Amino acid sequence: MNKILIVPSEKETNLEGYFYIPDYDVLPYENLRPSWYVRSRRIYALYLAIQGKLNGIATLRSLLHYVMRPGEFRKYVYVLKPGDEIVSPYELFSKLGYERVFNVREGGTFSVRGEIIDYLGPDNVPVRIELYGNLIEEIKRFDLKTQRTQEKLEQALLLPAREFVLEDNQAILEPSEEQFTGKYVSGTFTDYGVSFEVYNKKSVIEHFVSFEREIRNSIQSVELKETYRKYGIIDYEEIISTAKEVALEIPQELKHEVTVEEYIPSAPVISEEELEIGDVVVHKKYGLARFSEIKKVDTPQGQREFIVLSFADSTLYVPIERIDLIDKYIGDDVNVKLDSLKKGTWSKKVSKVKRNIEQIVRDLILIHHIRNSTTGISLPGDAELENEFSKTFPYIETEDQIRAIQDVLDDLASERSMDRLIVGDAGYGKTEVAIRAIFRTIVSGKQAVLLAPTTVLAKQLFENISERFKPFGIRVALLDRFTTKKEKEQILKGVRTGTIDLLVGTHSVLNNVIFSDLGLVVIDEEQKFGVEQKEKFKKFRVNVNVLSMSATPIPRTLHMALSELKEFSELKTPPFGRKETQVHIGVFDERIIKIAIMRELTRGGQVIYVHNRVNTIYDVYERLKKLLPDVSIVVGHGQQPKSELKNAIDLFFHGKADVLLCTTIVENGVDVPNANTIIVDDAHRYGLAQLYQLRGRVGRSDKISFAYFFHPKHVSDKVLERLYAIKSYVGPGSGLKIAMRDMEIRGIGAIFGLEQHGYINDVGLNYYLELLNEAVLESKGQMINKIDTEVEGIPGSIVIPEFYIYDPFERMRFYRRIASTLSVDEILDIRDELIDRFGKLPESVNNLIKYSILRVILWQEGVKKATIGDSSIVVQFKDGFFKPFSQRYIYNDKEKSYIFFVDIDEILEPVFDKIER
């Protein structure tokens with residue numbers, strides 16, 4: 001028997017044992033489709049209903065959208081098994097509303113690669129189907145993150161990806177049209193034999209009527225108004241009139257349990273490895289050039305692909321299998337000058353940069369040496385207490401977080417002073433890593449101090465940590481500009497005598513504070529502190545454990561450069577359940593602001609409203625109060641009396657105010673998971689990095705979040721371009737893209753004392769960091785781990801054809817991965833991945849794998865250059881190396897090379913024997 005309980009708002013939907021059916025999370029005039037979270041739950045509710053297993057909970061409006069009738073819905077429910085036939089996968093999935101992508105990472109998408117189909121439907125099971133002709137041969141579950149197969153399945157469920165199914169001849173819809181389901185279907189939840197119950201009927205109707213009135217008033221277009229009236233929702237009486245009123249105990253706090261299954265990681269928007277036509281790139285041997293095209297060329301040996309680079313005076317063809325020699329240029333690409341191949345400008349620049357790097361490395365090694373030669377204090381902690389404390393974290397830790405926490409605890413347990421950096425995008429869980437370190441320090445009998453760059457962030461950290469530490473009897477104090485003179489004296493005394501375990505504050509903490517027994521210093525956003533404070537931090541680093549945190553994104557090459565001199569952990573995975581922020585950009589409109597705030601409050605959330613001019617912020621307050629008289633609004637800005645700002649922040653953090661109207665004091669550090677809408681009324685005044693930071697203030701829970709960026713009617717095209725650019729920066733890694741675009745190289749450099757942006761611009765950030773890494777390794781007498789062996793004369797085609805991997809970025813990614821691999825086992829793993837994801841290897845890809853394995857083997861044997869002949873291989877070894885590949889060889893003294901009379905298949909035979917075994 002199907003039942004649905006109707007409640008007034010989303011605040012009341014947190015009832016155990018009920019399947020939550022959400023309302024659409026977009027408005028009729030927003031050109032957005034309802035999020036996958038909403039669509040998948042609504043479709044799965046219908047699936048449960050046709051089986052008579054639906055025990056749902058929803059708001060009234062959620063139940064008023066038109067849906068497919070049960071008979072129609074059943075037609076589009078498929079249970080797929082091996083032996084079943086799929087004649088036209090593309091048509092089937094498109095008809096069901098799935099979007100075709102190359103890699104399936106998000107719900108409602110599918111991919112067809114030869115005879116392999118991937119999809120992710122409303123049941124949130126990533127399915128991989130292998131076909132033999134039109135028949136299903138195998139069904140497997142795969143990992144969204146790695147894209148690799150996990151396990152075999154006996155069957156797979158395939159449901160529609162939206163609440164209606166289009167006929168074959170209907171055109172692709174605009175996203176907003178998906179909200180008007182009444183255009184395509186005429187069923188309702190009543191058709192599914194549902195009995196309705198209602199909790200607080202009067203309140204249910206009031207909530208619905210007031211919100212619905214505002215929606216209709218906010219629609220400006222007459223045509224859209226008419227469409228909404230006809231196709232948007234059914235008359236609410238149709239459902240409410242049959243509902244039986246019930247009395248229930250319903251918790252008011254909205255906390256939907258986030259499960260691992262609900263977590264779908266977004267694909268990184270960009271990596272520094274992705275190259276696009278027109279990019280400025282760095283060729284490590286020849287310098288800065290522009291990437292012109294990828295060209296296929298038929299050579300005497302077989303087909304090859306070349307990356308064509310345009311230098312200032314010439315063109316260079318680089319074999320694509322040597323893409324490891326090319327990096328995207330990150331630097332001042334406005335004033336960049338391409339290098340000249342004929343004049344040799346590159347070598348002069350590289351020499352200058354290397355001299356600069358040698359000085360940096362000497363300084364870094366000195367600090368590192370002093371720290372290493374100073375014995376620290378081992379903090380072993382208390383395993384039982386730490387385990388209990390970890391249970392107080394209300395979220396599921398990501399793999400990155402678990403790894404970072406373990407790294408930090410290992411550092412603290414060792415007898416060497418810790419100096420670790422935790423890097424990660426806004427909201428990726430850096431603070432939790434720091435809290436675990438602080439807890440370990442205190443249960444080991446030491447004190448800790450946590451320094452934040454702003455009073456807002458310090459206050460919030462204090463609130464969060466105090467609440468978590470209270471059950472464990474840990475004493476926490478806050479020292480900032482709001483602290484009274486009397487309070488300050490008491491706190492300083494407590495820190496000095498050891499009655500206070502953790503001190504939280506801004507840089508003022510560094511003045512006149514004497515600790516009884518300090519064991520750990522945590523620095524949040526170190527790059528935001530001034531020179532004087534940084535000097536004090538350097539003194540700490542010699543004999544106290546130091547943990548720094550930063551949201552400044554770090555490119556891949558910085559890992560290499562610092563892994564030898566500084567411990568650091570990177571959080572690259574968004575927390576479980578994180579939903580992508582929907583961005584609205586448009587001319588300032590009070591009607592949209594009103595409905596956006598109402599929508600957020602209706603679902604139990606809070607709103608941040610940013611207006612960055614103190615002289616007019618109270619005018620905005622009056623306008624908002626007039627628009628929404630029943631909404632509780634607090635004002636926060638840096639020029640307020642201390643007590644007033646403190647009170648505003650307290651009320652908002654504790655959920656006692658609906659809207660925080662503020663200046664950009666929220667840009668860093670405001671973390672209110674319940675605040676999932678941000679409105680910026682003068683977005684044209686901000687740079688791209690600021691907009692990115694502001695957007696990061698929301699979207700920290702499992703609910704979809706909204707960022708509204710408003711601008712005046714008349715702004716320049718350049719301003720509009722900047723505003724719309726923020727929409728494309730989503731998903732993990734987008735912070736890196738912002739850093740590239742906004743030239744935050746200074747920020748990255750400042751964290752490590754590498755204030756060297758002039759030199760970075762000369763050679764590009766990636767190559768600068770690679771040179772830095774090489775210099776560090778050389779200074780420690782370690783070998784540089786990179787393949788510099790050249791192999792010529794490879795027989796046969798060595799390309800990844802488009803029919804095998806049609807996505808150009810993915811093809812280039814595989815070329816780069818293969819070219820950069822340092823071991824035969826890694827290449828064999830890539831080979832397995834290719835077969836798993838794309839099917840049987842074409843001959844040219846098999847040749848590429850063989851060539852790459854040969855190159856690794858030759859590199860491991862100290863070969864500098866090799867030329868392959870019909871039944872011989874000409875080899876030049878590096879100094880001090882010699883390996884006879886055959887007993888039959890001759891030495892060419894003039895060329896300093898050996899000719900081995902051996903077939904390359906004989907060299908490769910042991911590797912391929914291993915594969916067959």
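Where does I330 lie? I330 sits in the loop between strand 18 (326–328) and helix 7 (345–372). Keep in mind that this is a predicted model: local features need pLDDT of at least 70, side-chain atom pairs count only at pLDDT 80 or more, and totals for chains, interfaces and linings use all residues. Residues are numbered from 1 along each chain as its sequence is written, and side-chain values use heavy atoms, with hydrogens and water left out.

**Two buried residues**
- I330 is buried, with a relative accessible area of 5% (buried means under 20%, exposed over 50%, partly exposed in between, using a 1.4 Å probe and protein chains only).
- The C-alpha atoms of I330 and V281 are 8.4 Å apart, and 49 residues separate the two along the chain.
- E600 belongs to helix 15 (residues 590–602); helices (H or I, at least four residues) and strands (E, at least two) are DSSP runs, numbered from the N terminus.
- E600 is buried too, at a relative accessible area of 0%.

- Five strands make up an open sheet, ordered 2-3-1-12-13, with parallel pairing; two strands pair if DSSP finds at least two bridges between them.
- Strand 2 (19–20) and strand 13 (244–246) are the edge strands, each pairing on one side only.
- Strand 1 (residues 2–7) pairs with strand 3 (residues 55–59) in the parallel sense, over five bridges.
- In that region, K3 stands opposite N55 in strand 3.
- Strands of a sheet pair through backbone hydrogen bonds, either parallel or antiparallel.
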